[in-house]
Amino acid sequence: MTMKQREDVDQPKLCKAGCGFFGNSKTQNYCSVCFKAVLQKETSKQTVISVNVVDTIPLENHHSVEVKTKNRCHVCNKRVGLIGFGCRCGQSFCGLHRMPEEHTCKFDFKAAGRAVLEKENPVCVADKLETRI
């Protein structure tokens, strides 16, 4: 091997799409995610599908890492682990803030209760005319 060939092998190249990650010669100098997107675009062009399928693959921000949010109290940010108290407002709370009065809950309990009662107890009305045929 010559010196130039050795430098080409040793030096990693950036992705052709310009996402900032390193590409590979096996993947046509794309990173793995961009390469999959390019392959998907090529296959969608070959099979006649709507144009919207091609547009659904964004090349920018595809490397963003989704971080799982820890299970913490929404008020005091205390870790609640597996025993966190869920509220009807959709948040998780610790033992101190589990009651709706403690965390200023925005859920309307009265309206929810009324809806349940209406659903479970339909209106029963007797006929006003007893001698109706």
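**Note on a predicted model of one protein chain**

1. Confidence by element. Where pLDDT is low, the predicted coordinates should not be read in detail.

2. Confidence overall. The protein chain has a mean pLDDT of 78. A pLDDT of 70 or more is reached by 73% of its residues.

3. Elements and their order. The protein chain holds four helices and two strands. Read from the N terminus, the order is α-α-α-β-β-α.

4. The protein chain has 133 residues, and 16% of them count as buried. Of the contacts between residues at least 6 apart in sequence, 12% join residues at least 24 apart.

5. Helix α4. This helix has twelve residues, and the distance from its first C-alpha to its last is 16 Å, close to the 16 Å expected at 1.5 Å a residue. The number of buried residues among the twelve of α4 is zero, so the helix lies largely in the open.

6. The loop between α1 and α2. Gly18 is placed in the loop between α1 (3-10) and α2 (32-46), and it is exposed at 62% relative accessibility. In sequence Gly18 and Tyr30 are twelve residues apart; in space their C-alpha atoms are 8.8 Å apart. Asn29 also lies in the loop between α1 and α2. At 25% relative accessibility, Asn29 is partly exposed.

7. Positive phi. Most residues other than glycine have a negative phi. Asn29, although not a glycine, has a positive phi of about 65 degrees. Asn77 is not a glycine either, and its phi is positive at about 65 degrees. The position of Asn77 is in the loop between α3 and β1 (85-86), where Asn77 is partly exposed with a relative accessible area of 48%.

8. Cysteines. How many disulfides does the count come to? The count is zero. For Cys19, the nearest cysteine sulfur is that of Cys31, 3.6 Å away. A disulfide needs the two sulfur atoms within 2.5 Å, so Cys19 is in no disulfide. Cys19 is partly exposed, its relative accessible area being 25%. Cys124 has a relative accessible area of 74% and is exposed.

9. Aromatic rings. The count of aromatic pairs is one. Phe107 and Phe109 make up an edge-to-face pair, with 5.0 Å centre to centre and 75 degrees between the planes. The angle falls in the edge-to-face class because planes over 60 degrees apart are counted there.

10. A charge over a ring. Which residue lies over the face of Phe85? Arg98 does, at 5.3 Å from the ring centre.

11. Points to keep in mind when reading the model.

How values were computed: Residues numbered from 1 in each chain as written. Predicted model: local features only at pLDDT ≥ 70, side-chain atom pairs only at ≥ 80, totals over all residues. Heavy atoms only, no water. Buried < 20%, exposed > 50% of the residue type's maximum accessible area, 1.4 Å probe, protein only. Phe/Tyr/Trp six-rings, centres within 6.5 Å; stacked < 30°, edge-to-face > 60°. Lys NZ or Arg CZ within 6 Å of the ring centre and 35° of its normal. pLDDT = per-residue confidence, 0-100. Expected span 1.5 Å × (residues − 1). Contact = heavy atoms within 4.5 Å.
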